[in-house]
Amino acid sequence: MKKFRADLHVHTVLSPCADLDMSPDRIVGLAMERGIDILAITDHNSTAQCAMVKEQAQGTGLLVVNGCEVNSREEVHAICLFEDDYTSRKFQQFLDQYLPEIPNRPEYHGHQVLVNQKNEITRHLPNYLGSPLRIDIETIEQYTHQLNGLFIPAHIDRPINSLYSQLGYLPTNLKIDGMQLSKFADEQEIRNRYDIPADVSLITASDAHYTEDIGSAATSFYLYEPTFQEMRWALNRKNGRFVKIES
Ligand SMILES: [Zn+2]
Ligand SMILES: [Zn+2]
C-alpha cells in the first residue's frame, strides 16, 4: 500500500470568489510542485471547469477528480466528487435545474469564467454560482450517490455554511463518505466538539481560492492505486484502505 497526498477542495477561476490566477495550468503545476498526488476541482455549484484541469494534468501522473462544492437550500456546503465526465455532466444538469437565475455581478462578486488551455476566456457563466441551490442537502446527497459519487460535507467546523452551523447536527439519513475539516482544525477537538461517530473519516483540504493556498492542507490516502474506487474504499475504510489527516 502507498500513501497518496490528496487536496480535495480547490477552486478555479470559475468560482466568483477565486483569484483569476487560478487557471488550470497553474493549479496543476503548483499542485505537483507541492507534492499533491490527487486533486479535486470543486467550484461553487459547478463542475464546468473540471474537464480543462483534467486535460491539463494528462500525462503528469496527477489524478484530477471532477467535483464541485454545492451550496444547498439550507446553505450547507458539501463536496461532491465524481468518477468520470459522464457522471459529472449528469450532475451539472441537475445543478442547472436548481441554480437560481440571479445574474452574477462581477464588480461585486468577482468574475465567473471558463478558460481554455491557452488561458483564454471561453465563457462567462451568467447566473451567480454562490447562490444557494433551490434544493435540500439530502436530495443532493441522494443524487450524488445515485451517480456513484462521493459526498463530503465541507469545512464542518466553520461558523457559517457548514453542516453543523446550518443544521446543528448530522441527520441520521444523510449518507456521508467523510467530512472535511478546515485547514488548521484539530481532528480530535472537532470529533469531541460535534460528537462525530468514530467510523466517520475526516479529511482536510486547502479550500484554495488563491494559488498560494493550493496543497496547503492535504490528507493522506493509503491505497494500492490512485483510483476513484480506492478513494471510496479509503474514505469508508474498506478493504484495508484508509485516510489520515496530515499533521
Ligand atoms: Zn465553502
Ligand atoms: Zn470552497
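**Notes on the cores, rings and surface of this model**

1. Phenylalanine 82 and phenylalanine 91 are both buried (under 20% relative accessible area; exposed is over 50%, partly exposed in between, with a 1.4 Å probe and protein chains only). The ring centres of this pair are 4.6 Å apart with planes at 35°, so the pair is tilted. Rings of Phe, Tyr and Trp (its six-membered ring) pair if their centres lie within 6.5 Å; planes under 30 degrees apart count as stacked, over 60 as edge-to-face and the rest as tilted.

2. A word on the basis: this is a predicted model, in which local features need pLDDT of at least 70 and side-chain atom pairs count only at pLDDT 80 or more, while totals for chains, interfaces and linings use all residues. Residues are numbered from 1 along each chain as its sequence is written, chains are lettered from A and ligands numbered from 1 in the order in which they are written, and side-chain values use heavy atoms, with hydrogens and water left out.

3. Back to the rings: phenylalanine 94 and tyrosine 98 make an edge-to-face pair, 5.2 Å centre to centre with 65° between the planes. They sit 4 residues apart in helix α3, so about one helical turn separates them (helices are DSSP runs of H or I, at least four residues; strands are runs of E, at least two; both are numbered from the N terminus). Phenylalanine 94 counts as buried at 7% relative accessibility, whereas tyrosine 98, at 23%, counts as partly exposed. One aromatic cluster is formed by Phe82, Phe91, Phe94, Tyr98 and Tyr143.

4. The largest nonpolar core has 34 residues, and Val70, Phe91, Ile140, Phe151, Met179 and Ile196 have the most contacts inside it. Such a core is a set of buried Ala, Val, Leu, Ile, Met, Phe, Trp, Tyr and Cys residues joined through side-chain atoms within 4.5 Å. Elements giving two or more residues to this core include β3 (63-71), α3 (85-98) and α5 (137-146). Apart from it lies another core of 19 residues, among them Leu150, Phe228, Met231 and Leu235.

5. Alanine 218 is worth a look in the loop between β9 (202-204) and β10 (219-223). This alanine 218 is buried, with a relative accessible area of 3%. Leaving out residues up to four places away in sequence, alanine 218 touches Arg5, Ala6, Ile36, Thr204, Ile245 and Glu246 (contact means heavy atoms within 4.5 Å). Alanine 218 and isoleucine 36 are 182 residues apart in sequence, but 7.8 Å apart in space, C-alpha to C-alpha.

6. Finally, phenylalanine 242 belongs to strand β11 (residues 242-245) and, at 34% relative accessibility, counts as partly exposed.
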